[in-house]
Amino acid sequence: MNSITMQLQADKLIRMALEEDITSEDVSTNAVMPTNVKGTVDLIAKEDGVIAGMDVYARVFKLLDESMEIEMFCQDGDEVKKGDLMAKVTGDIRVLLSGERVALNYLQRMSGIATYTMSVVKLLEGSGVTLLDTRKTTPNCRVFEKYAVRVGGGCNHRYNLSDGVLLKDNHIGAAGSITKAIQMAKAYAPFVRKIEIETETLEQVAEAVEAGADIIMLDNMTPEVMKQAVALIDGRAQTECSGNITKENIARIREIGVDFVSSGALTHSAPILDISMKNLHAV
């Protein structure tokens, strides 16, 4: 993760996670380790997968004690096998014990997302379709989860509500029509913002094209209807397929001709990658 992003965005969130886990003290650790004793521990992959979050993992320990030493044997984007030694962390055993769970929570979650994302990206290889994530992220973990999607080979949709214009069904309802919603967005939003609008029928697609939408989302349409929509748009806007897209059904999107496919499953349904810290001992 970019060092500036880490300091400005990630550090405060990591501190909040540590404060959530240690409200006053780590009673278990302080009971068995009352003084500073130098130790080391191994970080080991317990299953095959794609790694994301090594810098975040290391940062947890560095925020607790800047003198902690982390020797890494893999980096973000690497594919690991079960049993691989990923890193060694050396320093105050109290820091190793107190930071273990938070560090692993980030690394396991981020690596799980990267692993799942890469498996979906592979299903789209050669199709020309770009895989996107969504805003369906864990509260206060978006910076980590969207980064993990990129590590896995996917691309980010807008980061948050300030990042772009996406007019969904309720926005259209509030404006009165697709045409009015697009006109109002063009009048309000900065000229550098593209206007994306959600459609559910061919009639809505036709209206969105005529109103000048930059991107037209084809939401919860059957593959047959999506093909008709792409033909109707005929290159006058970019196209995004969305709605309950998962690893199990994404293959049906390959030949439709859409530019993008967005899947909330990348962040909200990906299983963690099992990784553990083992062989802790004094040195």
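Student: How many aromatic pairs does a search of the whole structure find?

Tutor: The search finds 2 aromatic pairs, where rings of Phe, Tyr and Trp (its six-membered ring) pair if their centres lie within 6.5 Å, and planes under 30 degrees apart count as stacked, over 60 as edge-to-face and the rest as tilted. This is a predicted model, in which local features need pLDDT of at least 70 and side-chain atom pairs count only at pLDDT 80 or more, while totals for chains, interfaces and linings use all residues. Residues are numbered from 1 along each chain as its sequence is written, and side-chain values use heavy atoms, with hydrogens and water left out.

Student: What makes the pair of Tyr57 and Phe61 edge-to-face?

Tutor: The ring centres of Tyr57 and Phe61 are 5.3 Å apart and their planes stand at 75°, so the distance lies within 6.5 Å and the angle is over 60 degrees. Tyr57 and Phe61 are 4 residues apart in helix α3 (residues 54-64), which means that about one helical turn separates them; helices here are DSSP runs of H or I with at least four residues, and strands are runs of E with at least two, numbered from the N terminus.

Student: How do you know whether Tyr106 is buried or exposed?

Tutor: Tyr106 has a relative accessible area of 9%, and buried means under 20%, exposed over 50% and partly exposed in between (1.4 Å probe, protein chains only), so Tyr106 is buried. Phe144, at 1% relative accessibility, counts as buried too.

Student: Which residues does Phe144 contact, leaving aside its neighbours within four places in sequence?

Tutor: Phe144 is in contact (heavy atoms within 4.5 Å) with Met1, Ala10, Leu13, Ile14, Val56, Tyr106 and Met110.

Student: What makes β6 and β7 edge strands of the open sheet?

Tutor: The sheet has 6 strands in the order β6-β11-β10-β9-β8-β7, with parallel pairing, and two strands pair if DSSP finds at least two bridges between them. β6 (130-132) and β7 (165-167) each have a single partner strand, so one side of each is left without a neighbour in the sheet.
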